[in-house]
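These are my notebook entries on a structure that I looked up.

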Amino acid sequence: MDDWLSADNVVAVLTAIVGLVVSVGVVWYERRVPRRKRIGYRVQMDTPIGSDDPDGEAGATNVRLGLFNDLPDMVDATLVLLRIENDGGESIADTDYTNRDPHRALNVVFAGRLVRGVAVTQVDAGPLMDHFAPAGGEGGVRHEGNVIHLPRVPLNRGQHYKLLVLLTGGHVGGGVRITGGIRDGVVVPNTAMPVDAAPPLFSRATRWITILLTVCVTVLASIIVVREDAPPPHGCATGRLTVTGSTAFAPVMKELARRYAADCAGSDIRVDANSSDRGVSDLEDAGKAGHGSAVVAMSDGPRPPGPSRLTAHRVAVSAFALVVNDEIPVENLSVAQIRAVFNGGIANWKGVKGGPDRPISLVSRNAESGTRDIFRRRVLGGEGEPKFTSHNCVTKDFPTAPVIRCELDSTAKVLTKVGQTPGAIGYAELGAAKASPHVRILDINGFEPSTGPDDDKGYPFNEIEYAYTFGSPDSDSLTASFLSYLLHGSGQDIVRAHGHLPCYAPDGIEHCGLRGSDLPVS
């Protein structure tokens with residue numbers, strides 16, 4: 001009994017009790033505490049009665065008899081059945097409508113179609129219909145053009161009415177929306193509900209929260225109460241570690257190193273970013289010298305295949321951006337224009353629509369840069385950049401050079417130089433570019449840069465960030481612990497906060513090409 005009354009078990013059981021109390025409280029609140037007023041609406045039928053049906057089979061014509069066939073303009077006629085209901089927690093009085101015009105308490109708008117006739121129906125008989133055609137001509141339902149004006153109709157909780165509307169001038173599926181307001185409430189579509197279904201007793205969010213909270217806390221209590229002593233989780237490690245490689249990913253690694261060291265006493269992690277190629281080369285040299293286990297090299301994109309003892313770990317999807325000096329008014333370039341700029345075919349901004357008469361200065365990364373390699377593969381179609389022609393990025397070192405082009409050894413230096421140099425264009429990691437003054441991020445082919453899964457269909461400048469180790473690190477080493485923190489731990493939040501998409505996050509697994517065998521075992 002004393003073993004069962006350990007601190008962990010007591011905390012688990014109390015957590016379960018609190019969870020169950022919260023669940024019961026949510027149910028009580030939903031049933032007993034009045035909720036806000038709410039009018040919901042949904043289209044229950046939208047069907048063609050004319051022969052002009054774009055969704056029908058080729059050559060098919062609807063069969064129409066009587067008035068449907070005799071009335072003019074029926075070739076594109078449609079019928080819409082719209083349900084309007086009080087699906088909130090309180091009754092709605094006629095004084096709750098905020099529009100002072102009694103004819104326009106609510107307005108039903110049919111995009112692209114003309115209202116030809118309206119019939120008001122309801123399931124339950126009663127005085128509700130009197131509000132649509134009251135004596136004396138006050139209030140009532142009216143229509144003009146593509147709008148139906150509805151009067152102030154009081155609705156008890158769960159009460160509803162329907163509009164059967166004859167329309168012409170458009171096809172089925174056009175937008176239907178209701179405008180207007182109610183005091184302390186909302187008017188919103190509830191199209192997710194099945195046809196003719198009654199409003200649910202509890203909201204979907206409440207149902208899921210209640211179910212998940214109950215299951216989670218109950219399982220947690222059961223596991224801790226019945227378990228035997230489990231081994232401690234993989235956690236902090238001591239020692240020294242050097243992180244080298246990509247300058248584009250360096251801000252992320254510096255914050256990760258600082259956070260890890262703050263949480264794990266006895267760890268010393270130094271970030272010495274130089275470039276992707278140089279970082280991987282330094283790792284290989286350290287491995288040959290016998291101390292490669294204390295080095296992690298970050299690389300923008302994978303290293304070329306070949307004999308190697310290095311192990312690749314996919315970290316995140318990183319977005320990169322094309323940037324210009326903010327004095328250049330150009331906001332978008334096509335891939336063809338970018339290639340012409342970087343092969344010297346366009347050497348002056350006046351060669352681009354909207355560009356001023358100013359020479360173009362290409363501010364590039366050095367040959368060891370992973371960012372430059374991504375730019376070459378993703379944007380330039382595998383073609384290289386022109387030769388180095390300028391030391392100051394402003395003037396040519398020799399007059400016959402076809403274009404002004406300089407090379408710098410870090411992302412920060414590229415962004416600083418582009419911001420300082422009128423007419424300059426360069427490329428850099430997206431997060432750093434957003435934080436850099438006096439530069440403008442260009443769209444490519446009309447698309448903005450992002451790390452989204454479909455981004456390669458629009459903005460073609462992103463790549464997977466890799467962490468390389470010399471072989472597989474020992475499980476109790478600082479390298480293994482730091483990698484776990486980076487890939488699977490709370491370090492993912494830091495990666496995402498810097499604008500990257502973590503590979504092991506649910507929305508990053510597929511985009512990083514991970515398989516089931518790559519994922520951590522729970």
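I counted a disulfide as a pair of cysteine sulfur atoms within 2.5 Å. I worked on a predicted model, in which local features need pLDDT of at least 70, side-chain atom pairs count only at pLDDT 80 or more, and totals for chains, interfaces and linings use all residues. Residues are numbered from 1 along each chain as its sequence is written, and side-chain values use heavy atoms, with hydrogens and water left out.

**Entry on disulfides.** My search of the whole structure gave 3 disulfides. With bonded cysteines counted along the chain, I noted the pattern 1-2, 3-4, 5-6.

I found the sulfur atoms of Cys 503 and Cys 512 2.0 Å apart; with -80° about the S-S bond, this link is left-handed. For burial I used relative accessible area (buried under 20%, exposed over 50%, partly exposed in between; 1.4 Å probe, protein chains only). Both Cys 503 and Cys 512 are buried.

I then looked up Cys 236 and Cys 264, which are joined with an S to S distance of 2.0 Å. The torsion about their S-S bond is about -60°, so this disulfide is left-handed. Cys 236 is exposed at 51%, whereas Cys 264 is buried at 5%.

Cys 393 is joined to Cys 406 at 1.8 Å, S to S, and this link is right-handed, with 100° about the S-S bond.

**Entry on the sheet.** I took strands as DSSP runs (E, at least two residues), numbered from the N terminus, and as paired if DSSP finds at least two bridges between them. I recorded an open sheet of 4 strands, in the order β5-β6-β3-β8, with antiparallel pairing. Its edge strands, β5 (142–144) and β8 (176–180), each pair on one side only.
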